[in-house]
Amino acid sequence: PNISHVHIFTRPTILAIYLRFRFGIPFLITEHSSHFVHDLPILLPPKKWFAQYVSRSAKFVTAVSKTLEKAMDDFGFHGNYRIVPNVIFVKENKTTVSLGDEVRIIAIAGLTDGRKNIAGLIETFGNIHLQIPMATLHIIRPIKDNSLMSKAIETSLLNNKIFFHDYLSNDAVYEMLFNSSFLVVNSLSETFSMSAAEALACGKPVISTRCGGPEEFITEEIGRLIEVNNPAILEEALKWMYEHHKEFDPQKLKKYVKQKFSMEVVGKLISSLYEEMLNHKSQ
């Protein structure tokens with residue numbers, strides 16, 4: 001190869017290091033892990049020293065957000081960082097169904113609830129559901145989570161106003177986002193928040209905590225940012241969005257995502273890094 005593009009630390013970098021020393025082939029690294037901003041990885045000194053050496057040796061280290069870049073740099077992975085966001089697909093011709101008077105709120109859970117804080121959202125929704133009487137909360141989960149189920153049962157709203165949707169395909173998730181009113185990201189930390197960007201790509205506004213990645217692209221024109229782990233502020237945001245979600249222009253939200261996160265935009269960023277590496281090698 002002319003260049004090596006390595007994804008994640010550290011074992012995959014061994015081949016890139018070999019190619020660099022043996023043939024002078026430059027490499028760049030793309031890191032995806034959220035561990036650096038939420039639950040720091042445990043690396044024994046030799047492994048961490050090697051990873052630090054690799055990050056310094058790479059021509060570029062790309063991250064999806066400034067939040068991830070800072071976390072990695074603070075962890076000791078110093079390098080020549082560039083921000084390359086995730087690709088978000090916008091389905092231009094998709095139309096939504098009428099919800100009537102229902103206000104359908106979507107939240108997307110993770111493998112565990114330690115970071116997504118869906119339990120906190122369920123509790124807050126349960127406390128104010130009478131103040132937003134036409135709202136329903138739909139939680140998409142990659143796996144069943146008994147703790148979240150128990151939290152929903154405590155509210156006495158399960159399968160009445162709170163619904164769980166498990167094991168959905170990506171297309172099915174997009175379908176639910178298209179047929180929703182807005183998305184809530186109640187996370188304690190995020191490197192980017194694919195769900196927030198995908199909701200915008202479906203023309204839906206977003207409530208998100210200032211948990212890292214989301215505040216780098218969510219503005220007042222496309223959603224609302226709130227404090228992390230603050231139920232009172234979450235309550236107010238839910239009530240506000242309940243009343244105002246229809247004021248957001250779906251086409252403007254889709255256009256915003258397309259301008260920032262389309263395959264063409266992200267592809268050009270990656271291509272420009274490749275070209276810079278090739279030009280530097282030829283000099």
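Which residue forms a salt bridge with Glu 236? The partner is Lys 239, and the closest N and O atoms of the two residues are 3.2 Å apart. The views below come from a predicted model, in which local features need pLDDT of at least 70, side-chain atom pairs count only at pLDDT 80 or more, and totals for chains, interfaces and linings use all residues. Residues are numbered from 1 along each chain as its sequence is written, and side-chain values use heavy atoms, with hydrogens and water left out.

View 1. A salt bridge is a side-chain nitrogen of Lys or Arg within 4 Å of a carboxyl oxygen of Asp or Glu, and a search of the whole structure finds eleven of them. Glu 236 and Lys 239 both belong to helix H8, where they are three residues apart, about one turn of the helix; helices (H or I, at least four residues) and strands (E, at least two) are DSSP runs, numbered from the N terminus. Glu 236 is partly exposed, because its relative accessible area is 45%, given that buried means under 20%, exposed over 50% and partly exposed in between (1.4 Å probe, protein chains only). In helix H3 (residues 66-75), Glu 69 and Lys 66 are likewise three residues apart, about one turn of the helix, and their side chains meet in a salt bridge of 3.5 Å, N to O. Glu 69 counts as buried because its relative accessibility is 17%.

**View 2. The salt bridge of Arg 115 and Glu 190.** The side chains of Arg 115 and Glu 190 meet at 3.2 Å, N to O, in a salt bridge. This pair links distant parts of the chain, 75 residues apart, with Arg 115 in the loop between strand E5 (103-108) and helix H4 (118-128) and Glu 190 in the loop between E8 and H7. Both Arg 115 and Glu 190 are buried.

View 3. Glu 31 lies in the loop between strand E2 (27-30) and helix H2 (45-57). The side chain of Glu 31 reaches the backbone nitrogen of Phe 9 at 3.2 Å. Not counting residues up to four places away in sequence, Glu 31 touches several residues, including Phe 9, Phe 36 and Met 72, where contact means heavy atoms within 4.5 Å.

View 4. Most residues other than glycine have a negative phi, and most peptide bonds are trans. The peptide bond from Phe 9 to Thr 10, however, is cis, with omega near -5°, and Thr 10 is found in the loop between strand E1 (4-7) and H1. Ser 156, in the loop between helix H5 (146-154) and strand E7 (162-166), has a positive phi of about 65° although it is not a glycine. Phi of Ser 193 is also positive, near 85°, and this residue is found in the loop between strand E8 (182-185) and helix H7 (194-201). Ser 156 is exposed, with a relative accessible area of 61%, whereas Ser 193 counts as buried at 3% relative accessibility.

How values were computed: A polar contact is a pair of N or O atoms within 3.5 Å; within protein, one must be able to donate a hydrogen and the other to accept it, and residues adjacent in sequence count only if both atoms are side-chain atoms.
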